[in-house]
Amino acid sequence: MLTGKIIIVTAPSGSGKTTLVHKLLAACPRLTFSISACTRSPRDGEIDGKDYHFLSTEKFEELIKEDAFVEWEMVYPGKYYGTLKSEVQRIWDENRSPLLDIDVQGAISVQKKYPDNSLSIFIQAPSLEVLQQRLEKRGTETPESLKERVEKARYEMSFSHEFNHIVINDDLETASATLNDIVLNYLEG
Ligand code: 5GP
């Protein structure tokens, strides 16, 4: 069984993490996006098996019982998200490093599990106001889920110091260059 390095990128929703993660993947050919399992419905344009493995709650709970996850969290009420052991192993077996784009609590768990071979980066929005504006602009939230996400972001920001690096996403190009440098240095080291 091969093991390797794990890159964890975490952030409150709306901090611009997804864009940064796409830019990082493009800049770093040794990284492979780790496709999480989740029980929320696919958004327009999302593809099962590419963006997520979209599972029923029953199936997800079955996998929890089988100990199939590196970590899992109920990220939003009733909505499970988790990193499958099989996914991480598949990427290691290809001699590549998985990039985990996961929530703050999940990121803390993975870090604890792999203290010697993980690198964690917390992406921070400049402020909660900016974060709310970004979520509104994205247009994927109902007023209720928007409120839920902003409240969660407020809480998650208090954990930023738990991670190896904090990158403030004020200017996208600057944040992207900083993130790419941190990860490339770690993978080369
Ligand atoms: P979204 O519903 O916007 O795709 O994701 C919501 C949150 O769930 C994001 O913060 C995302 O990073 C997180 N997430 C995605 N996959 C996982 C996972 O496998 N485990 C955990 N703990 N969080 C995840």
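**Ground rules**

I count a residue as buried under 20% relative accessible area, as exposed over 50%, and as partly exposed in between, with a 1.4 Å probe and protein chains only. My helices (H or I, at least four residues) and strands (E, at least two) are DSSP runs, numbered from the N terminus. I am working on a predicted model, where local features need pLDDT of at least 70, side-chain atom pairs count only at pLDDT 80 or more, and totals for chains, interfaces and linings use all residues. Residues are numbered from 1 along each chain as its sequence is written, and side-chain values use heavy atoms, leaving out hydrogens and water.

**Entry 1: helix H4**

I started with H4, residues 104–113, and listed its buried residues: Val-104, Gly-106, Ala-107, Ile-108, Val-110 and Gln-111. As a reminder to myself, an α-helix has 3.6 residues a turn, so residues three or four places apart point the same way. Next I asked what covers the buried residues of H4. I took contact to mean heavy atoms within 4.5 Å. The cover includes strands S1 (6–10), S5 (69–76), S7 (97–101) and S8 (118–124), along with helix H6 (143–157).

**Entry 2: the whole chain**

Then I stepped back and found seven helices and nine strands in the protein. Its radius of gyration is 16 Å, close to the 16 Å from the globule rule for 189 residues, so the protein is as compact as a globular protein of that length. For the record, that radius is taken over C-alpha atoms, and the rule is 2.2 Å times the number of residues to the power 0.38. Along the principal axes, the C-alpha atoms fill a box of roughly 45 × 40 × 30 Å.

I noted that 49% of the 189 residues count as buried. Of the contacts between residues at least 6 apart in sequence, 68% join residues at least 24 apart.

**Entry 3: Leu-99 in S7**

S7 was part of the cover of H4, and I picked out Leu-99, which lies in that strand. Leu-99 counts as buried, at 0% relative accessibility. Leaving aside residues up to four places away in sequence, I found Leu-99 touching Ile-7, Val-9, Val-21, Leu-24, Leu-25, Leu-31, Thr-32, Phe-33 and Ser-34. From Leu-99 to Phe-33 the C-alpha distance is 4.8 Å, across 66 residues of sequence.

**Entry 4: helix H3 and what follows**

In H3, residues 85–93, I found Glu-87, Val-88, Gln-89, Ile-91 and Trp-92 buried. Their cover includes S1, S2 (31–33), S4 (53–54), S5, S6 and S7. Just after H3, Asn-95 takes a positive phi of about 65 degrees, although Asn-95 is not a glycine. Asn-95 sits in the loop between H3 and S7 and is exposed, with a relative accessible area of 64%.

I looked for another case and noted Asp-67, not a glycine either, with a positive phi of about 60 degrees. Asp-67 is in the loop between H2 and S5. Most residues other than glycine have a negative phi.

**Entry 5: aromatic rings**

How many aromatic pairs does the structure hold? I counted nine. My criterion: rings of Phe, Tyr and Trp (its six-membered ring) pair if their centres lie within 6.5 Å, with planes under 30 degrees apart as stacked, over 60 as edge-to-face and the rest as tilted.

The rings of Phe-60 and Phe-69 have centres 4.5 Å apart and planes at 20 degrees, so I logged that pair as stacked. Phe-60 also stacks with Tyr-80, at 4.8 Å centre to centre and 5 degrees between the planes. That pair links distant parts of the chain, since Phe-60 is in helix H2 (residues 57–65) and Tyr-80 in strand S6 (residues 79–84), 20 residues apart. Phe-60 and Tyr-80 are both buried, and Phe-69 is buried too, with a relative accessible area of 5%. Ring pairs also join Tyr-52, Phe-54, Tyr-76 and Tyr-81 into a cluster.

**Entry 6: Met-157 in H6**

Last, I went back to H6, where Met-157 lies. Met-157 is buried, with a relative accessible area of 19%. Beyond residues up to four places away in sequence, Met-157 touches Pro-12, Phe-122, Gln-124, Ala-125, Leu-128 and Leu-131.
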